Amino acid sequence: MIDTMTPRERWKAAVRMEPVDRLPFWAKLPGNYPGFHGIPFSQMTVDALHDWIGSDPTIHLRTGIRTLYRRASVNTVTEGEFRKTEYRIGGQCLTLVSQIDRASFSWHPVRFPVRTREDINILADIFDDSTVEVDPDGLAEAGEQSRRVGERTVTAQDIGESPLMVWVEWLAGIENAHYLLNDFPADVERLFEAIHRDLLRKTEILSEHGPADVLYLTENTSTTLISPDQYRRYCARHISEYARIVRNAGRHLILHMCGHLKGLLPDLARIPVSGFEAFTTPTVGNTTIAEGRRACPDKCLIGGTNAALWLEPAETIITRIEVELDALPHHRGIVVSSAGMLPQACSPETVRRVAEWVKGYRAVC
């Protein structure tokens with residue numbers, strides 16, 4: 001098949017639920033992926049590997065946003081395999097410590113800043129003390145990044161993560177987050193509203209000034225972390241407010257959600273966003289693309305596979321993707337991807353073989 005659209009055109013059409021020349025395919029390669037494979041791949045950049053595979057990638061630009069504080073400070077330093085963020089106000093300090101996981105090339109919290117009721121209110125005071133504004137140098141760099149990639153890829157900027165999810169993942173940890181929310185709901189909700197104010201302002205700035213094709217919220221949503229009731233009470237309300245700002249500016253908002261989503265589909269259908277990214281199938285996730293399309297007919301679905309599947313031979317991966325795609329009434333608003341980051345154990349040759357098959361799949365648009 002001869003491509004008649006650039007990767008950027010193809011991606012943007014999929015996000016808008018419009019016909020495409022062929023299905024987009026995005027292999028989400030972690031930054032350390034080349035080093036897990038032999039020559040010539042170990043000597044390639046990630047960008048060069050995308051080209052060799054035939055992937056339609058996306059690139060995240062700098063945000064062009066800065067947060068200032070009147071009395072508080074938030075500073076992050078990285079030393080070796082540890083990254084430490086200190087939240088300070090009035091002589092009080094809370095600390096988040098994360099450690100790099102070399103295999104997945106990602107940071108994971110090993111010490112959370114919030115452990116007690118007092119910590120909740122210290123952190124709320126810090127967020128209340130903040131002011132979010134445009135970073136002209138950062139925006140200029142983002143614009144230059146966008147110009148450099150041109151039509152080679154779709155560009156994105158990240159707004160952040162909604163209050164409940166950042167609370168669970170980065171501020172209190174899963175168990176303590178739920179205990180504290182249950183025991184001290186007013187205190188935690190005060191913190192949520194302070195975080196929400198910052199995110200509203202970030203959304204306004206990026207919707208008005210950001211050069212990216214799409215905006216993201218990196219939610220990591222999963223009913224293994226929060227309940228559907230909690231999603232409705234907090235996430236859906238907050239995200240809908242961000243989404244309305246983005247939509248009113250004529251822009252597109254995508255939610256990165258890589259977990260179990262089946263129990264949330266009716267709620268997700270009502271949120272005015274353009275798409276869901278890292279839509280993960282069983283057995284890592286719990287929702288097929290067909291189930292997502294039935295519940296959310298107007299959302300772009302980016303994913304359709306899962307990490308465990310990519311440890312199988314190419315023909316097994318292709319067969320599973322074909323089953324997923326054949327179950328759909330049409331293929332508008334579909335981007336086939338590895339959903340989460342591609343496992344390093346999956347060879348470049350396997351990814352390329354799957355990419356070639358996806359490109360030849362007869363999509364119904």
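Me: What makes both faces of strand S11 count as covered?
Reply: In this predicted model, Leu-253 and Leu-255 lie on one side of strand S11 (residues 253–256) and Ile-254 and His-256 on the other, and all of them are buried. Buried means under 20% relative accessible area, so with buried residues on either side, both faces of S11 are described as covered.

Me: What makes S11 and strand S12 a pair?
Reply: Three bridges join S11 to S12 (residues 275–279), and the two strands run parallel; as at least two bridges are needed, S11 and S12 count as paired. Here His-256 stands opposite Glu-277 in S12.

Me: How do you know that the length of helix H11 agrees with its number of residues?
Reply: Helix H11 (residues 314–326) has 13 residues, which at 1.5 Å a residue should span 18 Å, and its end C-alpha atoms are 18 Å apart, so the two values agree.

Me: Why are the buried residues of H11 said to line one face?
Reply: The buried residues are Ala-314, Ile-317, Ile-318, Ile-321, Glu-324 and Leu-325. Seen down the axis of H11, they fall within an arc of 125°, and therefore they line one face of the helix. These buried residues pack against helix H10 (289–295), strand S14 (334–337) and helix H12 (348–360).

Conventions:
Residues numbered from 1 in each chain as written. Predicted model: local features only at pLDDT ≥ 70, side-chain atom pairs only at ≥ 80, totals over all residues. Heavy atoms only, no water. Buried < 20%, exposed > 50% of the residue type's maximum accessible area, 1.4 Å probe, protein only. Helix = DSSP H or I, 4+ residues; strand = E, 2+ residues; numbered from the N terminus. Expected span 1.5 Å × (residues − 1). Arc of directions from axis to C-beta. Contact = heavy atoms within 4.5 Å.
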